[in-house]
2 protein chains.
Amino acid sequence: MKCLGALNKIKIILCRPSHPGNIGSVARAMKNMGLNNLVLVQPKTFPSDQAEALAAGANDVLKKAKVFDSLDAALSGVIYVTGASCRKRDLSPKTLICKDAVAEIIGEIHKNGEVALVFGNERNGLTAEEALKCNVLSDIPSSKDYPSLNISHAVQIFCYELFCQASRIESIGGSPNAEYSRYEELGFFLETFRQCMENTGFLKPKHKGKVVERLERLFRRARLEKEEMDILLGFFKTLQ
Amino acid sequence: MKCLGALNKIKIILCRPSHPGNIGSVARAMKNMGLNNLVLVQPKTFPSDQAEALAAGANDVLKKAKVFDSLDAALSGVIYVTGASCRKRDLSPKTLICKDAVAEIIGEIHKNGEVALVFGNERNGLTAEEALKCNVLSDIPSSKDYPSLNISHAVQIFCYELFCQASRIESIGGSPNAEYSRYEELGFFLETFRQCMENTGFLKPKHKGKVVERLERLFRRARLEKEEMDILLGFFKTLQ
């Protein structure tokens, strides 16, 4: 029960949704599986009658949905970000199938801080920039002939896996020992690191290549603990 | 691969769907997971532009969908019927959660004959009469606060489980030994049995109670092999 109750710590974030009906269908799919924390980044139309109609008995989820101007703002306070994406990318975070990604999310929800599951726009999915903000990407197994799921159906499958896996666990053992860095703290860290690399002459503004992106990918994957981050920040300060 | 290819032996049957958009969304959900055998029983509106629009890249599934006047007709030739239902009933077939029901379906698709997964009307689900035509009922785990999924989302979860479980199996071992009775053959058997019970005076037309329904439930659960059925039919003939 403890673990099922913790499902509402999971933010479902929709980036730039264009069809209001999908927002309503997502709200219903979430509530069906015990989630109620919906976040919208730059929705084309919200609120709307169509979203209300398709939410059916989940209007309360729509009503308390939060709207943000940027994914950065939506991720503030979050310690672990999973992005739903089936696209192959050059510089991609670790990618897990849905079931395994959900197992990792379940492992995070007893820690101190929120967890987010991010979905891209209906037509194009997550942009490369949005994907890089994630600790992990996750893919739903599907037919090669037609792998593109409707967004509310993709949310339904993730929420179904979350509900099933959370139902199997009474409560997660072990103490929430380490304090993890939050999304915005890592953003500050990465920016400090970048400035430091420029100031020391290591990074030439005209020849940056993919250095900054590679480091972002590394540190999001590594899940920096606060103490580790403080050490590195102290080191950068010394270099200035 | 062999097992994934066999997914198109599974008929997805929608009983009395009332919203044409849902039919389109179901077609897409199916094709996303490698299924393409859609069957409609008394659809309120079909074909329709709304179904086409929501099917998106799955218009071929809509185009080859078959329409029937009754569930009996739709089930002709089928050897194993799973009904999607979350309702508690007095006289219910065995009920399994989605994942376990799908494991049983996967066990059936290498046998000689088709397999069906039946969904009820959007508002009320399967009727008691429709549920009794099933060998097994299956329920999707969901929140007690709001357990009612949109029909296309329920289809999506079943098809996702089918795809994932079929992907794990290269091909199912063992020979398809026993010849199972088909849906319409069992219908004939049950009707013969009923007449026999009336003719012998066992069953009084005015005091039938739930005897007929209980026997239907028993024999659908038992999955009669053809030889067994022939034995019993021979026995009934002797009694006439």
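Q: What makes a pair of atoms a polar contact?
A: A polar contact is a pair of N or O atoms within 3.5 Å, where one must be able to donate a hydrogen and the other to accept it. Residues adjacent in sequence count only if both atoms are side-chain atoms. The model discussed here is predicted.

Q: Why is the pair Ser152(A) and His153(A) called a polar contact?
A: The side chain of Ser152(A) meets the side chain of His153(A) at 3.5 Å. The cut-off is within 3.5 Å, and for residues adjacent in sequence both atoms must be side-chain atoms, so the pair counts.

Q: Where does Ser152(A) lie, and which residues does Ser152(A) touch?
A: Ser152(A) is part of helix 8 of chain A, residues 151-168. Leaving aside residues up to four places away in sequence, Ser152(A) touches Asn22(A), Ser25(A), Val26(A), Ala29(A) and, from the other chain, His153(B).

Q: What shows which surface the copies use to meet?
A: Of the interface residues of chain A, 100% are also interface residues in chain B, so the copies meet through the same surface.

Q: What makes up the contact between chain A and chain B?
A: Chain A gives 31 residues and chain B gives 31 residues. Together they bury about 2500 Å², with 60% of that on carbon and sulfur atoms. Tyr146(A), His153(A) and Tyr160(A) supply 29% of the area that chain A buries against chain B, more than any other three residues. Helix 2 (20-32), helix 6 (98-108) and helix 8 of chain A each give two or more residues to that side. The largest share, 9 residues, comes from helix 8 of chain A.

Q: How many salt bridges and polar contacts are counted between the chains?
A: The count is 0 salt bridges, while 18 residue pairs are in polar contact across the interface.

Q: Which residues touch the most other members of the largest nonpolar core?
A: Among its 98 residues, they are Ile12(A), Leu38(A), Ile12(B) and Leu38(B). Ile12(B) touches residues including Val26(B), Met30(B), Leu35(B), Leu117(B) and Phe119(B).

Definitions and conventions: Residues are numbered from 1 along each chain as its sequence is written. Chains are lettered from A and ligands numbered from 1 in the order in which they are written. This is a predicted model: local features need pLDDT of at least 70, side-chain atom pairs count only at pLDDT 80 or more; totals for chains, interfaces and linings use all residues. Side-chain values use heavy atoms; hydrogens and water are left out. A nonpolar core is a set of buried Ala, Val, Leu, Ile, Met, Phe, Trp, Tyr and Cys residues joined through side-chain atoms within 4.5 Å. Buried means under 20% relative accessible area, exposed over 50%, partly exposed in between (1.4 Å probe, protein chains only). Contact means heavy atoms within 4.5 Å. Helices (H or I, at least four residues) and strands (E, at least two) are DSSP runs, numbered from the N terminus. Buried area is the accessible area (1.4 Å probe) that two parts lose on being put together, summed over both. A salt bridge is a side-chain nitrogen of Lys or Arg within 4 Å of a carboxyl oxygen of Asp or Glu.
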